[in-house]
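My notes follow the structure.

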Amino acid sequence: MTSQHLTDEIRAVVEERWDETLRTLTELVAINGIAWPSFDREPLERSADAVATLLRDLGFDDVDIVAETVTHDGEVVLGGPAVLAQRPAAPGKPTVLLYAHHDVQPVGDRNLWESEPFVAEQRGDRLYGRGAADDKAGIMVHLTAAAVLSQVLGADHGLGIRFFIEGEEEAGSPTFRPFLERHRDRLEADAIIVADSSNWKIGVPALTTSLRGLVDGIIGVRVLNHAVHSGMYGGPILDAPTVLARLVATLHDSSGAVAIKGLEAQHSTSLDYPEVDFRHDSSAVDGLELAGNGPLADRLWNQPALSIIGTDIPSIEMSSNTLLPTARAKFSLRLGPGQEPHQAFAALKAHVEEQDLGGAQVFIEAGEFGQPFLTDVSDPSAQKMLKALETAWGSAPVEAGMGGSIPFTADLREVFPQASILITGVEDPDSRAHSANESLHLGEFKNAIVAEALFLADLAES
């Protein structure tokens with residue numbers, strides 16, 4: 001079969017299955033499976049059951065739902081239900097592991113949604129709903145591509161295919177590493193496709209080749225042993241939120257770049273991210289001065305970024321005329337490829353403890369650590385994927401970094417060092433994953449299915 005004939009046939013089969021693909025995605029969006037401990041677990045288990053049924057319907061016999069149990073700080077933690085399935089490779093044929101996750105983010109403020117979050121609604125060329133893009137579309141890319149492969153090349157194509165549909169990614173994958181080690185024999189593969197990223201923009205695909213690492217935690221200050229009246233004692237004593245604000249202000253220099261010794265970019269990119277595009281994609285308000293120095297793409301993908309993502313300070317409605325004795329802030333520190341997270345936390349800790357805060361007590365606690373990730377694009381599997389993306393979109397793919405973190409990619413690399421890890425996605429800058437009105441561009445979704453089917457066919461015939 002010629003390359004063009006194969007491409008045409010794959011496109012035709014994707015079109016033939018399109019209505020069924022959208023219907024199934026709509027059914028998955030309707031299941032509000034959230035892996036956070038504060039949410040009901042029943043929908044999460046129902047979500048895993050639905051994915052397992054789809055895999056059995058696809059002809060996979062070896063399908064299981066597995067939840068790992070770990071002990072963390074003396075507490076037994078039951079992980080989210082993951083779905084595993086596999087079809088062994090014929091002699092001499094490679095095996096590919098297809099990863100996505102079926103759990104989703106909470107809805108957040110319902111008033112910000114323009115339609116029901118768990119009712120997929122098509123408006124124009126986009127499908128709206130929680131999980132429509134992140135990451136139930138990723139599941140459907142894998143399922144549909146595998147089905148298309150069997151229809152085009154025949155069920156005896158010989159490529160080994162394994163599925164790993166995680167059930168706790170949005171909760172930080174707390175049992176991911178022990179899960180990998182316990183089920184290694186069912187997950188090992190020559191190539192691993194992680195369908196949980198974004199494309200460059202509508203009409204331009206991307207292979208995500210770098211991810212920033214992550215350190216998060218809590219910074220806090222104490223100025224009093226207990227709260228006191230702000231009128232009687234205010235003036236000589238600064239309240240804890242004010243002292244905390246002064247501490248937080250030292251984390252960046254006058255340009256807005258991270259001002260912590262030892263945190264610096266070790267890689268750079270030649271890819272241009274036009275400022276007008278960035279402002280649109282990020283929804284920056286008119287006139288906002290952008291922070292940091294250097295090319296925008298480097299500021300997003302390779303340089304450190306430190307954000308305060310939460311504070312323990314009373315709301316305005318609950319405030320009183322009181323000097324608060326303590327205040328805490330949760331920080332999220334993103335790290336460029338090459339930066340070791342524990343060393344980065346040590347640098348941040350040293351910076352915090354060196355500040356002169358007039359005798360206020362300061363403390364810092366580490367939370368999650370996630371390693372950064374960098375792809376070798378000369379790898380044969382990466383080259384095959386780049387070729388498949390270009391064929392599917394009819395546009396040269398971008399080798400893009402991502403400012404966000406997928407900490408488990410480092411675990412995949414450590415447990416399966418021989419595997420090529422390929423990070424693809426169905427999202428675009430307007431998908432608003434994790435936000436209200438999350439959506440999926442249906443044209444990009446279709447192209448992603450075609451690209452993965454082409455990649456699998458290339459592997460099967462190699």
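**Aromatic rings, notebook entry**

I began with F176, which counts as buried because its relative accessibility is 2%, and the cut-off for buried is under 20%. The model I am reading is a predicted one.

**Count and first pair**

I looked up how many aromatic pairs there are, and the count comes to 13. I then took one of them, Y99 with F164. The ring centres are 5.5 Å apart and the planes stand at 75 degrees, so I wrote this pair down as edge-to-face. The cut-off that decides this is an angle over 60 degrees.

Next I checked where the two residues sit in the chain. Y99 belongs to strand β5, residues 95-101, and F164 to strand β8, residues 160-166. They are 65 residues apart, and the pair links distant parts of the chain.

Are these two residues buried or exposed? Y99 has a relative accessible area of 1%, so I noted it as buried. F164 is also at 1% relative accessibility and counts as buried.

**Second pair**

I found F164 again in a pair with F176. This pair is stacked, with 5.7 Å from centre to centre and 25 degrees between the planes. For stacked, the planes must be under 30 degrees apart.

F164 is in strand β8, while F176 is in helix α5, residues 176-182.

One aromatic cluster is formed by Y99, F164, F176, F179 and F408.

**Charges over rings**

I turned to charged side chains. R123 has its charged end over the ring of Y128, at 3.7 Å from the ring centre. K446 has its charged end over the ring of W18, and here the distance to the centre is 4.5 Å.

**F363**

My last entry is on F363, which lies in strand β16, residues 361-370. Its relative accessible area is 30%, so I listed F363 as partly exposed; that class runs between 20% and 50%.

What does F363 touch, leaving out residues up to four places away in sequence? I noted I218, I219, G220, V221 and R328. I also looked up A259, which is 104 residues from F363 along the chain; the C-alpha atoms of the two are separated by 19 Å.

Methods:
Residues are numbered from 1 along each chain as its sequence is written. This is a predicted model: local features need pLDDT of at least 70, side-chain atom pairs count only at pLDDT 80 or more; totals for chains, interfaces and linings use all residues. Side-chain values use heavy atoms; hydrogens and water are left out. Rings of Phe, Tyr and Trp (its six-membered ring) pair if their centres lie within 6.5 Å; planes under 30 degrees apart count as stacked, over 60 as edge-to-face and the rest as tilted. Helices (H or I, at least four residues) and strands (E, at least two) are DSSP runs, numbered from the N terminus. Buried means under 20% relative accessible area, exposed over 50%, partly exposed in between (1.4 Å probe, protein chains only). A charge sits over a ring if NZ of Lys or CZ of Arg is within 6 Å of the ring centre and within 35 degrees of the ring normal. Contact means heavy atoms within 4.5 Å.
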